[in-house]
Amino acid sequence: MATVHLRIGDLVWGKLGRYPPWPGKVVSPPKDLKKPRGKKCHFVKFFGTEDHAWIKVEQLKPYHAHKEEMIKINKGKRFQQAVDAVEDFLKKAKGKEQNSDGKGDSKGKKTPNKPLKILEEDDEDLSIYLSLSSLKDLTDSDPEPSTIERLGAGPGSGFKWESSPVKDDPHFHHFLLSQSEKPASSMEPISKRLKIVEEDTGSTSIQAADSTAINGSITPTDKRIGFLGLGLMGSGIVSNLLKMGHVVTVWNRTAEKCDLFIQEGARLGRTPAEVASMCDITFSCVSDPKAARDLVMGPSGVLQGIRPGKCYVEMSTVDPETITELSQVITSRGGRFLEAPVAGSQQLSNDGMLVILAAGDRTVYEDCSSCFQAMGKTSFFLGEAGNAARMMLILNMVQGSFMATIAEGLTLAQATGQSQQTFLDILCQGQMASTFVDQKCQNILQGNFKPDYYLKHIQKDLRLAISMGDMANHPTPMAAAANEVYKRAKALDQSDNDISAVYRAYIH
């Protein structure tokens, strides 16, 4: 194949791994960016995502010559948005050229394109991590002001090629909560290319991270991953771990649920103890505090497989007391413990767009970086074990109460002769508009209560949140009222339906 001769500023199609080609522009790499070795490549900024990566020359094609070809084979929404961004860029560039015609002043003129130095280092060092001090180098050749805004002051991004069922939104952030007295100002967003380091003062700073991505995608950890519990959330998590190249051993109480994942490349563990002993990091995601305790301390439980250095990550939504107990028994055997409950639904789990709340051993959190990137769009580190459980219960308390209120509004609209669809249309045009409201209300109107998040689980979370409020001597009257409605729905045999089935508690 003929070598593609490219210069800085050239528009290209770049291909990473198994993902489809994506439009980008050759730009100058930051001065302090570690150079790749072994392969000739160009540093490319991708349109529509504002991500940058080293791309091997054989994976690059000129943009204009291959535009029609690429548009024919890629039809995704985000792909079209990226192509539109290229066209907008071309229009702006043409406009600047026209405005500069006849002007003697050289101010604002771009420097001529120059050949991009081809960097040669080992493949495993094809890192694309950027420190904030490097970002100016990128924006010098970038008319769009997004890079610093996205990585420094707004949502960071971690590039994924648009290809269903790969994540639709490519962004992933870490948020680390400093142990300082100012939590509101110490949570700093970072992209998957950056990590936050706490200074001696307790404040946080952003520095270049160690390599966790290769060819612009996630580089899976070389640690062996175990996963216990393949329910609505666990199934999607494991699927995304496997897609991103992690070595995963699975176990489920109902063994048949493991079959699909074995076909996708997972290994099978016969017991939780066996999984924990075989793996470096073992995750679990089960239904409630009792199930979480039994999994660890029951017959052939995780505790029997824990050895010094082994990591256990509890992803179940449980109470802080359960987390404290699990943390103590794991660490008593020399293990390392992290809690990491997830906010989301089955659909978000399948899409790899969960929000991960982590607390406990900070080093385990860092070791789980590639796993969290595979399963979620955002992660928060909240300090000592128990904090994530508290935050998760508060979030689910709000969500459960809100869902009950929406259901109440729909039934009141019907009872007073108002159109429920019109109520929804108005709601979705106002300040409370959200995908959650729209999807849940549409499902209610269609009578579709297929579980995306089990009603019985949100009721459990409400119960635990109310108990947490009691222990803190803090009133939770709204949650208590919502809890009663969910209990009524459970009595109407809605436990295994979606949380939106709380609607049925109002019509029976």
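Author: Gly386 has its place in the loop between strand E20 (376–381) and helix H15 (387–415), where helices (H or I, at least four residues) and strands (E, at least two) are DSSP runs numbered from the N terminus. Before going further, please keep in mind that this is a predicted model, in which local features need pLDDT of at least 70 and side-chain atom pairs count only at pLDDT 80 or more, while totals for chains, interfaces and linings use all residues. Residues are numbered from 1 along each chain as its sequence is written, and side-chain values use heavy atoms, with hydrogens and water left out.

Gly386 counts as buried because its relative accessibility is 0%; the word buried stands for under 20% relative accessible area, exposed for over 50%, and partly exposed for what lies in between, using a 1.4 Å probe and protein chains only. Once neighbours within four places in sequence are set aside, Gly386 is in contact with Pro320, Ile323 and Glu339, and contact here means heavy atoms within 4.5 Å.

The structure holds eleven aromatic pairs, and rings of Phe, Tyr and Trp (its six-membered ring) are paired if their centres lie within 6.5 Å, with planes under 30 degrees apart called stacked, over 60 edge-to-face and the rest tilted. One of the pairs is formed by Tyr365 and Phe381, which is tilted, with 5.1 Å from centre to centre and 45° between the planes. This pair links distant parts of the chain, since Tyr365 belongs to helix H13 (residues 362–367) and Phe381 to strand E20, 16 residues apart. Tyr365 is buried because its relative accessible area is 4%, and Phe381 likewise counts as buried because its relative accessibility is 4%. Over the face of Phe381 lies Arg362, at 5.4 Å from the ring centre; for a charge to sit over a ring, NZ of Lys or CZ of Arg must be within 6 Å of the ring centre and within 35 degrees of the ring normal.

Which residues do ring pairs link into a cluster? They are Phe227, Phe283, Tyr365, Phe372 and Phe381.

One of these residues, Phe283, leads us to strand E15 (residues 281–284), where Ile281 and Phe283 point one way, Thr282 and Ser284 point the other way, and all are buried. Strand E15 pairs with strand E12 (residues 225–228) in the parallel sense over four bridges, and two strands are said to pair if DSSP finds at least two bridges between them. Within that pairing, Leu228 has Ser284 of E15 as its bridge partner. Strand E15 also pairs with strand E16 (residues 311–314), again in the parallel sense and over four bridges, and here the bridge partner of Thr282 is Tyr312 in E16.

To sum up this walk, we began at a buried glycine, Gly386, passed to the tilted pair of Tyr365 and Phe381, and ended at strand E15, whose four residues point in two opposite ways and are all buried.
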